[in-house]
Amino acid sequence: MMGVTEGLFLVLIVTEIILGNLVNGFIGLVNGSHWFKSKKISLSDFIITSLALFRISLLWIIFIDGLIIVFSYHTHDSGIMMQLIDVLWTFTNHFSIWLVSCLGVFYCLKIASFSHPTFLWLKWRASRVVVGMLWGALLLSCVSTLSLMNEFKIHSALSGNRGTSNMTEYFMLKTGEYNLMHVLANLWKLPPLIVSLVAYFLLLLSLGKHTQQMKQYSIGPRDQSIEAHKRAIKIIISFLFLFLLYFLCFLILSFSRFLPGTKIARMIGVVITMSYLVGDSFILILCNNKLKQTFVAVLPCEYSHLKPESKGHFAS
């Protein structure tokens with residue numbers, strides 16, 4: 001019989017899958033229609049559109065995983081179905097994280113202003129650098145997915161020896177190795193996290209210095225340029241907060257194997273993950289002029305005050 005916790009969990013993930021599909025579907029529809037009409041698309045729009053499509057896939061994968069946790073938890077870590085979910089989850093999730101990192105690097109190189117020769121060299125070649133990162137991200141995502149094959153082999157061997165009485169000690173040892181390998185697999189996510197943190201830190205530092213400079217020379221305290229920089233800083237802080245929250249859920253999901261309340265821990269990880277995929281995509285809409293203007297256009301009249309006043313730094 002389903003408990004209160006499982007019922008609340010289902011309500012949350014159903015709500016998040018609906019919101020996630022609407023938000024990311026809106027991004028894909030707006031940028032896709034603009035691409036179709038103009039026959040061209042900017043690099044930032046291409047990354048954002050790809051990110052939205054991957055996130056829709058990722059939301060459905062996590063949603064199905066959440067349903068299995070509720071209705072068939074005893075089969076959650078076994079079977080072909082879970083292996084397929086692991087493969088799809090690993091590839092889409094890893095590549096999605098790299099897309100966020102590439103977007104952060106692109107914004108940093110286009111917006112930030114530093115006089116260091118290395119930064120200037122990268123800034124002049126921003127598009128080439130990001131395109132190279134995208135190809136590298138695709139390769140690393142494939143490699144991280146292929147690394148699951150070794151885990152599956154160990155899991156199959158464990159399943160075959162599970163019923164052998166004289167293999168109990170060996171079984172426990174290999175189970176520990178399997179769980180540890182699963183946890184260490186998350187190290188693949190550290191490089192994009194580090195790249196994102198560096199890019200957002202540099203961008204935040206640059207915008208902060210520029211805002212202080214403009215305050216010294218600006219006539220009015222409500223200068224549009226200053227307000228644009230303040231909005232950009234708020235957006236970056238939101239990105240950083242949500243991105244770190246997303247990685248927190250990986251720790252919860254990974255170490256849930258070693259916690260007594262494994263099922264509850266996994267439920268929390270699923271909810272946090274889906275919340276990030278919805279919230280971060282909504283921030284992408286708010287910080288992109290084209291997406292925001294289209295979004296405001298479909299809102300009721302009483303929300304018309306949300307219309308962008310000026311072009312911000314994250315406009316495409």
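Predicted model: local features only at pLDDT ≥ 70, side-chain atom pairs only at ≥ 80, totals over all residues.
**Exercise 1. Compare the span of helix H1 with the span expected at 1.5 Å a residue.**

Solution. 
- Helix H1 covers residues 4-38, and its residue count is 35.
- The expected span is 1.5 Å times one less than the number of residues, which for H1 comes to 51 Å.
- From the first C-alpha to the last, H1 reaches 51 Å, close to the expected value.
- After H1 comes Lys39, with a positive phi near 65°.

**Exercise 2. Find which residues form a nonpolar patch on the surface with Ile18, and classify Ile18 as buried, partly exposed or exposed.**

Solution. 
- The patch consists of Val14, Ile18, Leu19 and Leu22, which together have about 350 Å² of accessible area.
- Ile18 is located in helix H1.
- An α-helix has 3.6 residues a turn, so residues three or four places apart point the same way.

**Exercise 3. Give the number of aromatic pairs, then classify the geometry of Trp35 with Phe46 and of Phe54 with Phe91.**

Solution. 
- Rings pair if their centres lie within 6.5 Å, and the count by this rule is nine aromatic pairs.
- For Trp35 and Phe46 the centres are 6.4 Å apart and the planes are at 85°. Planes over 60 degrees apart count as edge-to-face, and this pair is edge-to-face.
- Trp35 belongs to helix H1 and Phe46 to helix H2 (residues 43-71); the two are eleven residues apart, and the pair links distant parts of the chain.
- Trp35 is partly exposed because its relative accessibility is 39%; Phe46, with a relative accessible area of 35%, is also partly exposed.
- For Phe54 and Phe91 the centre-to-centre distance is 6.3 Å and the angle between the planes is 50°, which makes the pair tilted.
- This second pair also links distant parts of the chain: Phe54 is in helix H2 and Phe91 in helix H3 (residues 79-111), 37 residues apart.
- Phe91 has a relative accessible area of 23% and is therefore partly exposed.

**Exercise 4. Identify which residues ring pairs link with Phe26 into a cluster.**

Solution. 
- Phe282 and Phe295 are linked with Phe26 by ring pairs, giving a cluster.

How values were computed: Residues numbered from 1 in each chain as written. Heavy atoms only, no water. Patch = residues over 30% accessible without salt bridge, like charges linked within 9 Å, V, L, I, M, F, W, Y side chains within 5 Å. Areas by Shrake-Rupley, 256 points an atom, 1.4 Å probe, with all protein chains shown as cover. Salt bridge = Lys/Arg side-chain N within 4 Å of Asp/Glu carboxyl O. Helix = DSSP H or I, 4+ residues; strand = E, 2+ residues; numbered from the N terminus. Phe/Tyr/Trp six-rings, centres within 6.5 Å; stacked < 30°, edge-to-face > 60°. Buried < 20%, exposed > 50% of the residue type's maximum accessible area, 1.4 Å probe, protein only.
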